[in-house]
Amino acid sequence: MLPDPHPDASTVPSELASSDPAVEQPLNQANSGQANWGQTRAEQSNIAAKPLSPGLFDDDLYSDGPATKQRTGLKWIVASGLVLVLGLGGWWGYRTWQRRSVEPVVVATGNPSRDTLENRVDASGVISLGNQQTLKAPGDVTVESVLVQERQRVARGTVLLRLRDRALEQQLDEAQIETEILQLQRQRQREVRQDRQRTVQRAQERLSESQSLLEQGFISEDDYDGDRNDLETAQSELRGAEVDLQQSELEIRQNQATLANLRARIADNAIVAPFDAVVLNIDVQPGDGVQSEGNLLTVGDPAQEVVLFDLMTLDANKVSVNMPVRVSVIGPSAASYAGRVISIAPQAITDSEDGGGGSQAMVKAVARLDRPSGVLIPGSAVSVEVILVQRENALALPTNAIQQNGGEAFVWVVDGEGRAQKRPITTGLDTLEAVEILSGLEETDTVILNAPPDQPLVEGMTVETSSPGSSQSGDRPSP
(Lines give C-alpha, C1' and ligand atoms only; values in the text may rest on other atoms or scores of the structure.)
Protein backbone atom coordinates (compact mmCIF):
# COMPACT_ATOMS: atom_id res chain seq x y z
CA MET A 1 0.00 0.00 0.00
CA LEU A 2 1.44 3.36 -1.10
CA PRO A 3 1.90 6.16 1.43
CA ASP A 4 -0.26 9.22 1.40
CA PRO A 5 1.13 11.66 -1.17
CA HIS A 6 0.46 14.60 1.10
CA PRO A 7 1.20 13.37 4.58
CA ASP A 8 0.92 15.72 7.46
CA ALA A 9 4.09 16.43 9.35
CA SER A 10 2.49 15.01 12.44
CA THR A 11 1.49 11.80 10.70
CA VAL A 12 4.86 10.98 9.12
CA PRO A 13 5.53 7.35 9.82
CA SER A 14 7.89 6.81 12.64
CA GLU A 15 9.88 4.41 10.52
CA LEU A 16 10.71 7.18 8.08
CA ALA A 17 11.61 9.59 10.77
CA SER A 18 13.71 7.17 12.74
CA SER A 19 15.30 5.09 10.04
CA ASP A 20 16.62 7.93 7.89
CA PRO A 21 19.06 10.24 9.72
CA ALA A 22 19.64 12.23 6.58
CA VAL A 23 16.02 13.27 6.73
CA GLU A 24 15.70 13.60 10.45
CA GLN A 25 18.65 15.93 10.86
CA PRO A 26 17.55 18.55 8.33
CA LEU A 27 14.03 18.42 9.75
CA ASN A 28 15.28 18.96 13.21
CA GLN A 29 17.47 21.79 12.06
CA ALA A 30 14.57 23.35 10.23
CA ASN A 31 12.38 23.10 13.30
CA SER A 32 14.97 24.50 15.61
CA GLY A 33 16.05 27.29 13.16
CA GLN A 34 19.72 26.52 13.74
CA ALA A 35 22.11 25.59 10.88
CA ASN A 36 24.54 22.92 11.85
CA TRP A 37 26.99 22.80 8.88
CA GLY A 38 29.91 21.72 11.00
CA GLN A 39 29.25 18.02 10.85
CA THR A 40 32.16 15.74 10.39
CA ARG A 41 33.26 14.09 7.15
CA ALA A 42 32.24 10.71 8.58
CA GLU A 43 28.73 11.92 9.19
CA GLN A 44 28.52 13.35 5.65
CA SER A 45 29.73 10.03 4.23
CA ASN A 46 27.23 8.15 6.34
CA ILE A 47 24.42 10.33 5.15
CA ALA A 48 25.50 9.99 1.47
CA ALA A 49 25.71 6.19 1.83
CA LYS A 50 22.17 5.78 3.01
CA PRO A 51 19.52 5.79 0.27
CA LEU A 52 16.69 8.22 0.27
CA SER A 53 13.22 6.96 0.72
CA PRO A 54 11.14 6.36 -2.39
CA GLY A 55 9.35 9.32 -3.86
CA LEU A 56 11.68 11.89 -2.37
CA PHE A 57 11.93 13.94 -5.60
CA ASP A 58 8.42 13.31 -6.81
CA ASP A 59 6.43 16.41 -7.54
CA ASP A 60 3.72 15.11 -5.33
CA LEU A 61 6.01 15.32 -2.32
CA TYR A 62 6.50 19.09 -2.52
CA SER A 63 4.89 20.62 0.54
CA ASP A 64 5.62 22.82 3.42
CA GLY A 65 6.81 19.93 5.52
CA PRO A 66 10.33 19.25 6.68
CA ALA A 67 10.99 16.69 3.90
CA THR A 68 9.99 19.18 1.27
CA LYS A 69 12.31 21.80 2.69
CA GLN A 70 15.08 19.21 2.76
CA ARG A 71 14.71 18.44 -0.93
CA THR A 72 14.52 22.18 -1.83
CA GLY A 73 17.75 22.76 0.04
CA LEU A 74 19.48 20.00 -1.89
CA LYS A 75 18.41 21.50 -5.19
CA TRP A 76 19.71 24.88 -4.14
CA ILE A 77 23.00 23.34 -3.18
CA VAL A 78 23.35 21.64 -6.59
CA ALA A 79 22.36 24.83 -8.44
CA SER A 80 24.77 26.92 -6.39
CA GLY A 81 27.56 24.47 -7.22
CA LEU A 82 26.86 24.78 -10.93
CA VAL A 83 26.80 28.56 -10.71
CA LEU A 84 30.05 28.51 -8.78
CA VAL A 85 31.74 26.30 -11.38
CA LEU A 86 30.55 28.52 -14.22
CA GLY A 87 31.62 31.62 -12.32
CA LEU A 88 35.09 30.23 -11.64
CA GLY A 89 35.50 29.26 -15.31
CA GLY A 90 34.41 32.70 -16.50
CA TRP A 91 36.66 34.39 -13.97
CA TRP A 92 39.64 32.30 -15.06
CA GLY A 93 38.95 33.08 -18.77
CA TYR A 94 38.59 36.78 -18.05
CA ARG A 95 41.81 36.87 -16.04
CA THR A 96 43.60 35.06 -18.89
CA TRP A 97 42.30 37.54 -21.48
CA GLN A 98 43.04 40.45 -19.16
CA ARG A 99 46.61 39.28 -18.66
CA ARG A 100 47.06 39.06 -22.45
CA SER A 101 45.56 42.52 -23.04
CA VAL A 102 47.61 44.08 -20.29
CA GLU A 103 50.89 42.86 -21.81
CA PRO A 104 51.83 45.78 -24.16
CA VAL A 105 52.78 45.25 -27.81
CA VAL A 106 56.01 47.02 -28.78
CA VAL A 107 55.55 49.19 -31.91
CA ALA A 108 57.55 51.86 -33.71
CA THR A 109 55.82 55.23 -33.73
CA GLY A 110 56.32 58.67 -35.16
CA ASN A 111 54.55 61.95 -35.79
CA PRO A 112 53.31 63.38 -39.10
CA SER A 113 55.69 66.10 -40.25
CA ARG A 114 55.73 68.94 -42.75
CA ASP A 115 57.86 68.18 -45.76
CA THR A 116 58.22 68.62 -49.51
CA LEU A 117 56.79 65.69 -51.45
CA GLU A 118 57.37 65.04 -55.13
CA ASN A 119 57.04 62.50 -57.88
CA ARG A 120 59.99 62.51 -60.23
CA VAL A 121 61.75 60.72 -63.08
CA ASP A 122 65.40 59.81 -62.61
CA ALA A 123 67.86 59.76 -65.51
CA SER A 124 71.57 60.14 -66.24
CA GLY A 125 73.15 62.69 -68.54
CA VAL A 126 76.26 64.58 -69.58
CA ILE A 127 77.12 68.22 -68.88
CA SER A 128 77.63 70.49 -71.89
CA LEU A 129 77.99 74.23 -72.42
CA GLY A 130 75.38 76.28 -74.22
CA ASN A 131 75.90 76.55 -78.01
CA GLN A 132 78.66 74.01 -77.67
CA GLN A 133 79.92 73.11 -81.14
CA THR A 134 82.90 71.60 -82.87
CA LEU A 135 84.35 73.74 -85.68
CA LYS A 136 85.11 71.83 -88.90
CA ALA A 137 87.77 72.19 -91.59
CA PRO A 138 86.38 74.02 -94.67
CA GLY A 139 88.30 71.71 -96.99
CA ASP A 140 91.46 69.64 -97.23
CA VAL A 141 93.75 71.92 -95.26
CA THR A 142 96.98 72.04 -93.35
CA VAL A 143 97.07 73.59 -89.89
CA GLU A 144 99.42 76.53 -90.11
CA SER A 145 99.13 77.77 -86.53
CA VAL A 146 97.07 77.30 -83.36
CA LEU A 147 96.53 80.63 -81.63
CA VAL A 148 94.59 79.58 -78.49
CA GLN A 149 94.77 77.09 -75.64
CA GLU A 150 92.20 74.83 -74.01
CA ARG A 151 90.03 76.49 -71.30
CA GLN A 152 90.91 79.89 -72.73
CA ARG A 153 88.07 82.40 -72.92
CA VAL A 154 87.89 84.27 -76.23
CA ALA A 155 85.73 87.08 -77.58
CA ARG A 156 83.61 86.82 -80.68
CA GLY A 157 85.69 87.14 -83.89
CA THR A 158 88.98 86.10 -82.28
CA VAL A 159 91.18 84.07 -84.68
CA LEU A 160 91.59 80.61 -83.21
CA LEU A 161 93.45 78.74 -85.95
CA ARG A 162 95.14 79.55 -89.22
CA LEU A 163 94.96 76.96 -91.97
CA ARG A 164 96.60 76.50 -95.35
CA ASP A 165 94.88 75.08 -98.44
CA ARG A 166 97.61 74.63 -101.04
CA ALA A 167 95.15 73.88 -103.81
CA LEU A 168 93.31 77.12 -103.15
CA GLU A 169 96.53 79.03 -102.96
CA GLN A 170 97.55 77.63 -106.36
CA GLN A 171 94.20 78.54 -107.83
CA LEU A 172 94.55 82.03 -106.43
CA ASP A 173 98.00 82.39 -108.00
CA GLU A 174 96.69 81.22 -111.37
CA ALA A 175 93.75 83.59 -111.14
CA GLN A 176 96.02 86.49 -110.37
CA ILE A 177 98.19 85.67 -113.41
CA GLU A 178 95.09 85.38 -115.55
CA THR A 179 93.99 88.76 -114.31
CA GLU A 180 97.27 90.33 -115.34
CA ILE A 181 96.98 88.77 -118.81
CA LEU A 182 93.45 90.04 -119.18
CA GLN A 183 94.51 93.49 -118.09
CA LEU A 184 97.23 93.50 -120.77
CA GLN A 185 94.70 92.37 -123.35
CA ARG A 186 92.35 95.06 -122.27
CA GLN A 187 95.08 97.64 -122.62
CA ARG A 188 95.79 96.37 -126.14
CA GLN A 189 92.10 96.49 -126.99
CA ARG A 190 91.95 100.07 -125.84
CA GLU A 191 94.88 100.95 -128.09
CA VAL A 192 93.24 99.20 -131.04
CA ARG A 193 90.02 101.09 -130.40
CA GLN A 194 91.88 104.39 -130.29
CA ASP A 195 93.62 103.51 -133.59
CA ARG A 196 90.27 102.61 -135.12
CA GLN A 197 88.82 105.87 -133.89
CA ARG A 198 91.64 107.83 -135.56
CA THR A 199 91.14 105.86 -138.79
CA VAL A 200 87.48 106.67 -138.77
CA GLN A 201 88.24 110.33 -138.13
CA ARG A 202 90.66 110.49 -141.11
CA ALA A 203 88.17 108.66 -143.32
CA GLN A 204 85.51 111.19 -142.41
CA GLU A 205 87.83 114.08 -143.25
CA ARG A 206 88.73 112.59 -146.70
CA LEU A 207 85.09 111.92 -147.47
CA SER A 208 84.27 115.52 -146.58
CA GLU A 209 87.02 116.76 -148.92
CA SER A 210 85.93 114.36 -151.65
CA GLN A 211 82.38 115.65 -151.42
CA SER A 212 83.63 119.25 -151.81
CA LEU A 213 85.85 118.28 -154.79
CA LEU A 214 83.01 116.31 -156.35
CA GLU A 215 80.73 119.30 -156.13
CA GLN A 216 83.45 121.41 -157.81
CA GLY A 217 83.97 118.70 -160.42
CA PHE A 218 87.55 118.03 -159.61
CA ILE A 219 87.00 114.29 -158.90
CA SER A 220 84.77 111.68 -160.23
CA GLU A 221 81.91 110.12 -158.38
CA ASP A 222 83.79 106.80 -158.25
CA ASP A 223 86.54 108.45 -156.24
CA TYR A 224 83.95 109.83 -153.86
CA ASP A 225 82.36 106.39 -153.45
CA GLY A 226 85.79 104.91 -152.67
CA ASP A 227 86.37 107.40 -149.85
CA ARG A 228 82.87 106.67 -148.51
CA ASN A 229 83.62 102.91 -148.53
CA ASP A 230 86.87 103.53 -146.63
CA LEU A 231 84.91 105.42 -143.95
CA GLU A 232 82.41 102.61 -143.57
CA THR A 233 85.22 100.08 -143.26
CA ALA A 234 86.97 102.19 -140.60
CA GLN A 235 83.72 102.53 -138.65
CA SER A 236 83.16 98.78 -138.80
CA GLU A 237 86.64 98.10 -137.53
CA LEU A 238 86.08 100.60 -134.69
CA ARG A 239 82.93 98.80 -133.62
CA GLY A 240 84.84 95.52 -133.63
CA ALA A 241 87.56 97.03 -131.48
CA GLU A 242 84.98 98.33 -129.04
CA VAL A 243 83.35 94.86 -128.78
CA ASP A 244 86.72 93.27 -128.13
CA LEU A 245 87.40 95.83 -125.44
CA GLN A 246 84.05 95.20 -123.78
CA GLN A 247 84.66 91.45 -123.86
CA SER A 248 88.06 91.96 -122.29
CA GLU A 249 86.44 94.08 -119.57
CA LEU A 250 83.94 91.29 -118.86
CA GLU A 251 86.69 88.70 -118.65
CA ILE A 252 88.58 90.85 -116.21
CA ARG A 253 85.48 91.31 -114.04
CA GLN A 254 84.83 87.59 -114.09
CA ASN A 255 88.41 86.93 -113.11
CA GLN A 256 88.14 89.45 -110.30
CA ALA A 257 85.09 87.59 -108.97
CA THR A 258 87.08 84.37 -109.04
CA LEU A 259 89.90 86.06 -107.18
CA ALA A 260 87.49 87.37 -104.55
CA ASN A 261 86.00 83.90 -104.10
CA LEU A 262 89.41 82.33 -103.75
CA ARG A 263 90.51 84.96 -101.30
CA ALA A 264 87.31 84.44 -99.29
CA ARG A 265 87.88 80.69 -99.21
CA ILE A 266 91.42 81.22 -98.12
CA ALA A 267 90.21 83.71 -95.53
CA ASP A 268 87.89 80.97 -94.20
CA ASN A 269 90.99 79.06 -93.29
CA ALA A 270 91.40 81.54 -90.47
CA ILE A 271 89.01 79.95 -87.93
CA VAL A 272 87.42 82.59 -85.68
CA ALA A 273 85.23 82.35 -82.57
CA PRO A 274 81.52 82.57 -83.54
CA PHE A 275 80.57 84.05 -80.11
CA ASP A 276 82.06 84.84 -76.73
CA ALA A 277 83.26 81.38 -75.84
CA VAL A 278 85.64 79.16 -73.95
CA VAL A 279 87.89 76.70 -75.80
CA LEU A 280 86.98 73.22 -74.58
CA ASN A 281 89.13 71.03 -76.80
CA ILE A 282 91.73 71.38 -79.57
CA ASP A 283 91.94 68.41 -81.93
CA VAL A 284 94.87 69.55 -84.14
CA GLN A 285 98.45 70.75 -83.95
CA PRO A 286 100.41 72.99 -86.32
CA GLY A 287 101.43 71.12 -89.44
CA ASP A 288 98.59 68.60 -89.25
CA GLY A 289 96.76 67.84 -92.44
CA VAL A 290 92.99 67.77 -92.01
CA GLN A 291 90.45 66.54 -94.52
CA SER A 292 87.30 68.46 -95.36
CA GLU A 293 84.78 68.54 -92.45
CA GLY A 294 87.42 67.21 -90.06
CA ASN A 295 87.30 68.29 -86.41
CA LEU A 296 89.47 71.26 -85.51
CA LEU A 297 88.43 72.44 -82.03
CA THR A 298 85.39 72.67 -79.75
CA VAL A 299 84.03 75.84 -78.15
CA GLY A 300 81.05 76.60 -75.92
CA ASP A 301 79.26 79.47 -74.24
CA PRO A 302 80.35 79.58 -70.56
CA ALA A 303 77.30 81.69 -69.69
CA GLN A 304 75.07 78.64 -70.26
CA GLU A 305 75.27 75.09 -68.93
CA VAL A 306 73.03 72.36 -70.33
CA VAL A 307 72.55 68.65 -69.67
CA LEU A 308 72.04 66.10 -72.43
CA PHE A 309 70.15 63.12 -70.98
CA ASP A 310 68.17 60.09 -72.11
CA LEU A 311 64.64 59.13 -71.05
CA MET A 312 62.95 55.76 -71.27
CA THR A 313 59.89 55.89 -73.50
CA LEU A 314 57.47 55.41 -70.59
CA ASP A 315 59.10 58.24 -68.65
CA ALA A 316 59.29 60.49 -71.73
CA ASN A 317 55.48 60.48 -71.91
CA LYS A 318 55.38 62.05 -68.43
CA VAL A 319 57.98 64.74 -69.08
CA SER A 320 57.28 68.03 -70.85
CA VAL A 321 59.22 71.17 -71.69
CA ASN A 322 59.74 73.66 -68.83
CA MET A 323 59.47 71.03 -66.08
CA PRO A 324 61.95 71.71 -63.24
CA VAL A 325 65.01 69.48 -62.88
CA ARG A 326 67.74 68.91 -60.32
CA VAL A 327 71.24 68.11 -61.59
CA SER A 328 74.05 66.74 -59.44
CA VAL A 329 77.35 64.99 -59.93
CA ILE A 330 77.06 61.24 -59.40
CA GLY A 331 78.44 60.48 -55.94
CA PRO A 332 77.75 60.89 -52.21
CA SER A 333 76.83 64.29 -50.74
CA ALA A 334 76.90 65.97 -54.14
CA ALA A 335 75.50 69.47 -54.51
CA SER A 336 72.47 69.86 -56.76
CA TYR A 337 71.71 72.59 -59.29
CA ALA A 338 68.27 73.69 -60.45
CA GLY A 339 67.23 73.93 -64.08
CA ARG A 340 64.43 73.26 -66.54
CA VAL A 341 63.77 71.00 -69.51
CA ILE A 342 64.22 72.95 -72.76
CA SER A 343 63.73 70.25 -75.41
CA ILE A 344 62.56 66.66 -75.90
CA ALA A 345 63.21 64.68 -79.09
CA PRO A 346 60.06 63.79 -81.05
CA GLN A 347 61.13 60.17 -81.51
CA ALA A 348 62.98 57.45 -79.65
CA ILE A 349 66.39 56.21 -80.79
CA THR A 350 67.84 52.76 -80.23
CA ASP A 351 71.54 52.99 -79.46
CA SER A 352 72.86 49.43 -79.49
CA GLU A 353 76.44 49.22 -78.29
CA ASP A 354 76.99 45.61 -79.34
CA GLY A 355 75.27 45.92 -82.69
CA GLY A 356 72.39 43.68 -81.59
CA GLY A 357 68.73 44.49 -81.39
CA GLY A 358 68.31 44.08 -77.63
CA SER A 359 69.01 47.62 -76.48
CA GLN A 360 66.15 49.76 -75.22
CA ALA A 361 64.88 52.72 -77.18
CA MET A 362 65.60 56.04 -75.48
CA VAL A 363 64.36 59.60 -76.01
CA LYS A 364 66.94 62.40 -76.13
CA ALA A 365 66.22 65.44 -73.95
CA VAL A 366 68.04 68.65 -72.96
CA ALA A 367 67.82 70.67 -69.74
CA ARG A 368 69.44 74.03 -69.01
CA LEU A 369 70.61 75.15 -65.58
CA ASP A 370 69.04 78.32 -64.23
CA ARG A 371 72.51 79.66 -63.41
CA PRO A 372 75.92 78.36 -64.47
CA SER A 373 77.44 76.28 -61.69
CA GLY A 374 81.01 77.23 -62.46
CA VAL A 375 82.16 73.85 -61.15
CA LEU A 376 80.52 71.26 -63.40
CA ILE A 377 82.98 70.04 -66.00
CA PRO A 378 81.66 69.71 -69.57
CA GLY A 379 81.59 66.07 -70.57
CA SER A 380 81.20 64.76 -67.01
CA ALA A 381 78.38 62.38 -66.08
CA VAL A 382 75.57 63.74 -63.87
CA SER A 383 72.30 62.49 -62.44
CA VAL A 384 69.11 64.24 -63.51
CA GLU A 385 65.85 64.34 -61.54
CA VAL A 386 62.87 65.64 -63.50
CA ILE A 387 60.21 66.80 -61.01
CA LEU A 388 56.76 65.82 -62.29
CA VAL A 389 54.61 66.93 -59.30
CA GLN A 390 55.65 68.70 -56.11
CA ARG A 391 53.88 69.57 -52.84
CA GLU A 392 55.66 71.95 -50.50
CA ASN A 393 54.99 72.04 -46.73
CA ALA A 394 52.76 68.97 -46.97
CA LEU A 395 51.76 66.94 -43.90
CA ALA A 396 53.20 63.51 -44.63
CA LEU A 397 53.73 60.00 -43.30
CA PRO A 398 55.87 57.13 -44.57
CA THR A 399 54.05 54.87 -46.99
CA ASN A 400 54.32 51.83 -44.71
CA ALA A 401 52.22 53.57 -42.05
CA ILE A 402 49.18 53.83 -44.34
CA GLN A 403 46.70 50.92 -44.21
CA GLN A 404 43.82 50.12 -46.54
CA ASN A 405 40.44 48.59 -45.76
CA GLY A 406 37.96 48.29 -48.59
CA GLY A 407 39.55 51.18 -50.47
CA GLU A 408 39.47 53.44 -47.39
CA ALA A 409 42.79 54.62 -45.95
CA PHE A 410 43.46 54.61 -42.21
CA VAL A 411 46.32 54.60 -39.71
CA TRP A 412 46.84 53.29 -36.21
CA VAL A 413 47.39 55.98 -33.60
CA VAL A 414 48.28 55.76 -29.91
CA ASP A 415 45.83 57.56 -27.63
CA GLY A 416 46.59 59.25 -24.30
CA GLU A 417 46.17 55.95 -22.41
CA GLY A 418 48.71 54.12 -24.56
CA ARG A 419 46.16 52.12 -26.53
CA ALA A 420 45.95 51.55 -30.28
CA GLN A 421 43.08 53.27 -32.09
CA LYS A 422 42.12 53.15 -35.76
CA ARG A 423 41.97 56.59 -37.43
CA PRO A 424 40.48 57.12 -40.95
CA ILE A 425 42.43 59.61 -43.09
CA THR A 426 42.26 61.31 -46.49
CA THR A 427 45.44 61.07 -48.57
CA GLY A 428 46.82 63.24 -51.38
CA LEU A 429 50.06 62.92 -53.31
CA ASP A 430 51.49 59.42 -53.09
CA THR A 431 55.24 59.11 -53.62
CA LEU A 432 57.67 56.24 -53.29
CA GLU A 433 58.73 57.37 -49.82
CA ALA A 434 55.77 59.13 -48.26
CA VAL A 435 52.08 59.97 -48.60
CA GLU A 436 50.47 63.37 -48.21
CA ILE A 437 47.82 63.54 -45.44
CA LEU A 438 44.98 65.90 -46.34
CA SER A 439 42.76 65.29 -43.31
CA GLY A 440 42.40 63.03 -40.28
CA LEU A 441 45.73 63.70 -38.55
CA GLU A 442 47.58 66.48 -36.78
CA GLU A 443 51.31 66.96 -36.31
CA THR A 444 50.94 66.09 -32.63
CA ASP A 445 49.34 62.68 -33.27
CA THR A 446 51.45 59.62 -32.47
CA VAL A 447 51.15 57.19 -35.38
CA ILE A 448 52.18 53.54 -35.37
CA LEU A 449 54.63 53.16 -38.23
CA ASN A 450 55.34 49.44 -38.09
CA ALA A 451 52.96 46.96 -36.48
CA PRO A 452 54.43 43.62 -35.31
CA PRO A 453 53.92 41.03 -38.05
CA ASP A 454 53.12 38.21 -35.61
CA GLN A 455 50.38 40.03 -33.68
CA PRO A 456 47.70 42.07 -35.49
CA LEU A 457 46.60 45.30 -33.90
CA VAL A 458 43.17 45.51 -32.28
CA GLU A 459 41.45 48.69 -31.17
CA GLY A 460 42.00 49.23 -27.47
CA MET A 461 45.13 47.07 -27.38
CA THR A 462 47.85 48.38 -25.07
CA VAL A 463 51.01 49.29 -26.98
CA GLU A 464 54.49 50.36 -26.00
CA THR A 465 56.32 52.77 -28.29
CA SER A 466 59.93 52.06 -29.18
CA SER A 467 60.67 55.75 -29.78
CA PRO A 468 57.89 57.75 -28.12
CA GLY A 469 57.39 61.27 -29.35
CA SER A 470 60.09 61.04 -32.00
CA SER A 471 59.52 61.73 -35.67
CA GLN A 472 60.19 59.00 -38.15
CA SER A 473 63.62 59.02 -39.69
CA GLY A 474 64.85 57.57 -42.92
CA ASP A 475 61.39 57.50 -44.46
CA ARG A 476 61.12 61.08 -45.56
CA PRO A 477 61.37 62.04 -49.21
CA SER A 478 64.38 63.92 -50.45
CA PRO A 479 63.78 67.69 -50.52
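Predicted model: local features only at pLDDT ≥ 70, side-chain atom pairs only at ≥ 80, totals over all residues.

Colleague: Why is S210 called buried?

Modeller: Its relative accessible area is 6%. Buried means under 20%. The value falls under that cut-off, so S210 counts as buried.

Colleague: Where is S210 found, and which residues does S210 touch?

Modeller: S210 is in helix α5, which covers residues 166–216. S210 touches I219, Y224 and D227, leaving aside residues up to four places away in sequence. Contact means heavy atoms within 4.5 Å. Y224 and D227 are also among the buried residues of α6.

Colleague: What do the buried residues of α6 pack against?

Modeller: They pack against α5. Among them are L231, A234, L238 and A241. Further along come others, including S248, N255 and L262.

Colleague: How do you know what span to expect for helix α6?

Modeller: Helix α6 runs over residues 221–268 and has 48 residues.

Colleague: What makes β4 and β7 a pair?

Modeller: A pair needs at least two bridges. Strands β4 and β7 have two, so they qualify. Their sense is antiparallel. V154 stands opposite A277 in β7.

Colleague: How many bridges join β7 and β9?

Modeller: Four, again in the antiparallel sense. At least two are needed, so β7 and β9 pair. The bridge partner of V279 is V299 in β9.

Definitions and conventions:
Residues numbered from 1 in each chain as written. Heavy atoms only, no water. Buried < 20%, exposed > 50% of the residue type's maximum accessible area, 1.4 Å probe, protein only. Expected span 1.5 Å × (residues − 1).
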